[in-house]
Amino acid sequence: MTDQLTQNELRLTPHPLQRAGAYAIAAIAKAAHPEKVTGEQFDQVVQRMISDLVATSTVAKGQAGWYLLGISYTLWPNCALHYKSKRTPEGIAAWRSVPPAQAWPGVPCSLCGRPACDWYGNVDIPLGASVEHRNTTAPDHQGTPLCFPCVTSFHALPYAFTAGGGVLYGLHSWDERFMARATSAAVPGNQRHMMVRGDLKKDGGAFPVEFAALRALRWWDKRITAGVQAIQFSNSTRDMKFRVEDMGQPLAEWLRSTASDTGRRAGVRFLARAQATAKVSGLRMLAWRAFNQPDQIPSRATGWLRDRITETGRIPAAVPHLAPLIRTYLMEVLHVLEKDVGHVTTIARRIADVVTADDDKRLKKFVVATRRPNDLKGWLRSQIADWAKKRPAEAANEPFITVPQWRVLFDSGNTSWSARELLFVAVFEELCARGATVTATDETTTDEDFTTLDTNDQEESD
């Protein structure tokens, strides 16, 4: 009897997709956590999902409400919805109901260890790894044993994940509070899709899952304690897919801070603009690079600044906002060492002494030199010689650059690149601190995605 009672109690397991579905059930039940869902609430959610399936089973393709039926081919191949004889309220309910206890296989659930209620295959279970680890049932094998709450969590994935472009996509994190918030924000939109959409076209713009992660992080008002995964998958027997993109905790927390920290908010528009390509807006490229090319985010930003300074010979208005933001990225995400920061800051002050003592041409030469390590070495050597001849009396015993500082910039392996990027922004931070004039050409920077970036679907639905 105890085993049967646990068949409407959710538990979180190590399977990311099971966890996503469990959080979706909790969101529909309006419970704070999957394991806070009561047995009565669980049963009500199961009935709600059955009703949604029954409603979509008679809708013609292209008409409002067909969306969930379309997902079924991607998520539940060969399910009851795909056969006329089973596409009835009774047939759908039989597919989605717990088997009688006397028919249980007598083995533990492969995910949570409770008594399994049946053997399941890819009709109910999506991929949990790469395509090489397909979840089709081998000959003479009965399938994967699951309890009813675990298989129901997989059934709830259309409420947590969005369909488009032949896949379902959504978020996962081991930060439980963030996971609950991100899923509860996704559920209302997906429920609306089930009522009004008649297609499965990708309607989320470029890189929708990565952009959804960026939005979710900017909604979040607490420190995030784990990384974020962007998951895309198809369970179709014709074209199985499973892809996970990982964003580490330091970058996730940094991106979150660009919304909560007033100083960083001012720079993120320029940071996004620097990431843009001819075909993809800046924010969406920023979101994609956060998962796929995190090291390129600061270099794209410094490159964008270099181009503008090289063109005009002047400091753009973006610099006072963007330079400090890049510095925090290098320190908090790429982990430039504190002692190296000290070395770079000292060099930056010395360079600021030089470039402010002359006209704009010297500033432009420094910027051009920072494009390549050898060019920067040559520029610094020329300044060493000039400094020896012209250094002020108060710096008579100070070299232009010390050996440890040189090593940080050029002889510290992979970390030298970060140090050189930090040097570039530190020089301009110093110049702005000294009152350097900035041009106003870049003061108005816009990105259409900023109009929806901080929109919270869950708050709108409440």
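Contact here means heavy atoms within 4.5 Å. Keep in mind that this is a predicted model, where local features need pLDDT of at least 70, side-chain atom pairs count only at pLDDT 80 or more, and totals for chains, interfaces and linings use all residues. Residues are numbered from 1 along each chain as its sequence is written, and side-chain values use heavy atoms, with hydrogens and water left out.

Let's start with two helices. Helices (H or I, at least four residues) and strands (E, at least two) are DSSP runs, numbered from the N terminus. In H11, Leu271, Ala272 and Gln275 meet Gly282, Leu283, Met285, Leu286 and Arg289 of H12. Sorted by class, that contact has five nonpolar, two polar and one charged residues. The axes of H11 (residues 262–275) and H12 (residues 282–292) come within 7 Å and cross at roughly 80°. H11 and H12 are therefore roughly perpendicular to each other (that label covers angles of 65 to 115 degrees).

Now for the strands. E4 (residues 167–173) is mostly covered, with seven of its seven residues buried, meaning under 20% relative accessible area with a 1.4 Å probe, protein chains only. In a regular strand the side chains alternate between the two faces of the sheet. From E4, Val167, Tyr169, Leu171 and Ser173 point one way, while Leu168, Gly170 and His172 point the other.

What joins E4 to strand E5 (residues 228–234)? Six bridges do, and the two run antiparallel; His172 stands opposite Gln229 in E5. Strand E3 (residues 162–164) is also antiparallel to E4, joined by three bridges, and Gly164 has Val167 as its bridge partner. E3 and E4 form a hairpin with two residues between them, and Gly165 in the turn has a positive phi of about 65°.

Conventions:
Axes fitted to C-alpha atoms, helices over the stretch in contact; angles between N-to-C directions. Parallel < 35°, antiparallel > 145°, perpendicular 65-115°, else oblique. Nonpolar A, V, L, I, M, F, W, Y, C, P; charged D, E, K, R; others polar. Buried < 20%, exposed > 50% of the residue type's maximum accessible area, 1.4 Å probe, protein only. Pairing = 2+ DSSP bridges.
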